[in-house]
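Please describe this protein in a short report, covering its overall form, its surface and the confidence of the model.

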Amino acid sequence: RVDAGSDPAAGSVIHRHGGERVAAGDVIAELHYDPRSADVQAALAMLETAVTVAAEPPPPRRLILDRL
């Protein structure tokens, strides 16, 4: 929500990027939050939908999608 403001303690650090090899136990991302005010379960759910671990790397994507 626009009127919700932002929490200066909140943030994320991405340790692995698309196509990088990972092994069991590797840290892919870190979430930073204030446990008194954060909806950690919602943040974890969003992170889980954003990450897919597969046997093969994804196909390369174009950096420029379109020109205006």
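What radius of gyration does the protein have, and what would a compact globule of 68 residues have?

## Overall form

This is a predicted model. The protein has a radius of gyration of 16 Å, whereas a compact globule of 68 residues would have one near 11 Å. Along the principal axes, a box of roughly 40 × 40 × 15 Å holds the C-alpha atoms of the protein.

## Secondary structure and contacts

The protein contains two strands and one helix. Their order along the sequence is β-β-α. Strand E2 covers residues 29-32, and helix H1 covers residues 40-50.

Among the contacts with a separation of 6 or more, 22% are between residues 24 or more positions apart.

## Burial, surface and charge

Of the 68 residues in the protein, 3% are buried. Buried here means under 20% relative accessible area. The accessible surface comes to about 6,500 Å², and carbon and sulfur atoms account for 56% of that surface.

The charged side chains of the protein are 10 negative and 7 positive. Between the centres of these two sets there is a distance of 8 Å.

## Confidence

The average pLDDT of the protein is 84. A score of at least 70 is reached by 93% of the residues.

Where is confidence highest, and where is it lowest, in the protein? It is highest in strand E2, at a mean of 90, and lowest in helix H1, at 86.

Technical notes
Residues numbered from 1 in each chain as written. Predicted model: local features only at pLDDT ≥ 70, side-chain atom pairs only at ≥ 80, totals over all residues. Heavy atoms only, no water. Helix = DSSP H or I, 4+ residues; strand = E, 2+ residues; numbered from the N terminus. Rg over C-alpha atoms; globule rule 2.2 N^0.38 Å. Buried < 20%, exposed > 50% of the residue type's maximum accessible area, 1.4 Å probe, protein only. Contact = heavy atoms within 4.5 Å. Areas by Shrake-Rupley, 256 points an atom, 1.4 Å probe, with all protein chains shown as cover. Lys, Arg positive; Asp, Glu negative; His and termini not counted. Charge placed at Lys NZ, Arg CZ, Asp CG, Glu CD. pLDDT = per-residue confidence, 0-100.
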